[in-house]
Amino acid sequence: MNARHASRELALLTLFQLDKQGDGQLNADAVAQKSTMQEQVLSAVRALSAEAEFQIQSAADQLAEVSRYLLDYELEHPTNLESPLEAEVKAVEIPTTRQMVEKIEQCLQGAEYLFEALRVPELTTLMAAESVQDYAFQLIKLVAEHRSDLDEVLNQHMTDWRMDRLVRMDAYILRLAAAEMKFMEKVDLSVTINEAVDLAKQFSTEESYRLIHGILASLAEKVSVETDKPLRGSLREQSISS
């Protein structure tokens with residue numbers, strides 16, 4: 001994980017926390033002073049730690065469920081049901097390929113949960129770095145100060161959707177990316193798209209990250225023409241296919 005990704009994740013989590021505290025209305029005054037950042041970092045770290053705990057428990061639950069399934073399958077197989085009670089449990093043929101694939105997918109999901117949990121120590125260390133906090137703070141201020149304008153611009157690149165209809169997390173991922181594209185210097189628009197898609201994959205759904213990719217790809221083309229910021233098509237394709 002690089003520092004810039006940690007900044008974006010910190011900015012997203014902080015904005016989401018501030019939004020909840022403000023009952024859905026982000027208060028620009030709440031992010032006007034950088035002295036508040038330490039408190040928000042602590043809040044973000046707590047949220048990440050809670051998420052890591054949930055991920056680890058979910059992984060354990062997934063693997064335990066697979067183990068129970070296989071043991072029950074063996075015990076309830078006709079070969080063992082027809083054996084005397086005192087007989088040792090015999091190994092039996094595995095379930096159908098489809099059933100086993102489903103269970104393997106559960107194991108893989110559990111492994112993904114564990115992988116996400118292992119990110120937390122590295123991420124929390126990065127979040128404590130001043131450079132990470134500085135970039136996150138810049139993004140947060142831009143979103144707070146230009147929220148209405150950002151929403152208007154993003155609405156222009158949506159079909160059958162509007163910002164006020166999106167779930168909060170998706171809306172803030174879009175606002176952060178749009179703010180970075182429009183206002184931050186020396187930004188590679190393709191990287192911003194990729195980072196937003198990664199955040200959506202991590203914090204939202206498959207439908208959401210595909211929607212976010214489409215909106216930002218459209219916006220990036222316009223911003224690239226207006227500002228000469230780079231936009232590499234190959235990276236846009238990687239975002240949606242990975």
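Helix α8 comprises 22 residues and extends 31 Å from its first C-alpha to its last, close to the 32 Å expected at 1.5 Å a residue, where the expected span is 1.5 Å times one less than the number of residues. The structure is a predicted model, in which local features need pLDDT of at least 70 and side-chain atom pairs count only at pLDDT 80 or more, whereas totals for chains, interfaces and linings use all residues. Residues are numbered from 1 along each chain as its sequence is written, and side-chain values use heavy atoms, with hydrogens and water left out.

The buried residues of α8 are S208, Y209, I212, H213, I215, L216, A217, L219, A220, V223 and S224; buried denotes under 20% relative accessible area, exposed over 50%, and partly exposed the range in between (1.4 Å probe, protein chains only). An α-helix has 3.6 residues a turn, so residues three or four places apart point the same way.

Just after α8, D228 adopts a positive phi of about 65°. This residue is situated in the loop between α8 (206–227) and α9 (233–241) and is exposed, at 69% relative accessibility. A positive phi, of about 50°, also occurs at K186, which is not a glycine. K186 is placed in the loop between α6 (168–183) and α7 (189–203), and its relative accessible area of 86% classifies it as exposed. Most residues other than glycine have a negative phi.

The loop between α6 and α7 also contains D188. D188 is buried, with a relative accessible area of 18%. A polar atom of the D188 side chain lies 2.9 Å from the backbone nitrogen of S190. Apart from its neighbours within four places in sequence, D188 is in contact with P230 and R232, contact being defined as heavy atoms within 4.5 Å.

For the protein as a whole, the secondary structure amounts to nine helices and zero strands, arranged along the sequence as α-α-α-α-α-α-α-α-α. Helices (H or I, at least four residues) and strands (E, at least two) are DSSP runs, numbered from the N terminus. Of the 242 residues, 44% count as buried. Among contacts with a separation of 6 or more, 76% are accounted for by residues 24 or more positions apart.

Technical notes:
Polar contact = N/O pair within 3.5 Å; in protein donor to acceptor, adjacent residues only side chain to side chain.
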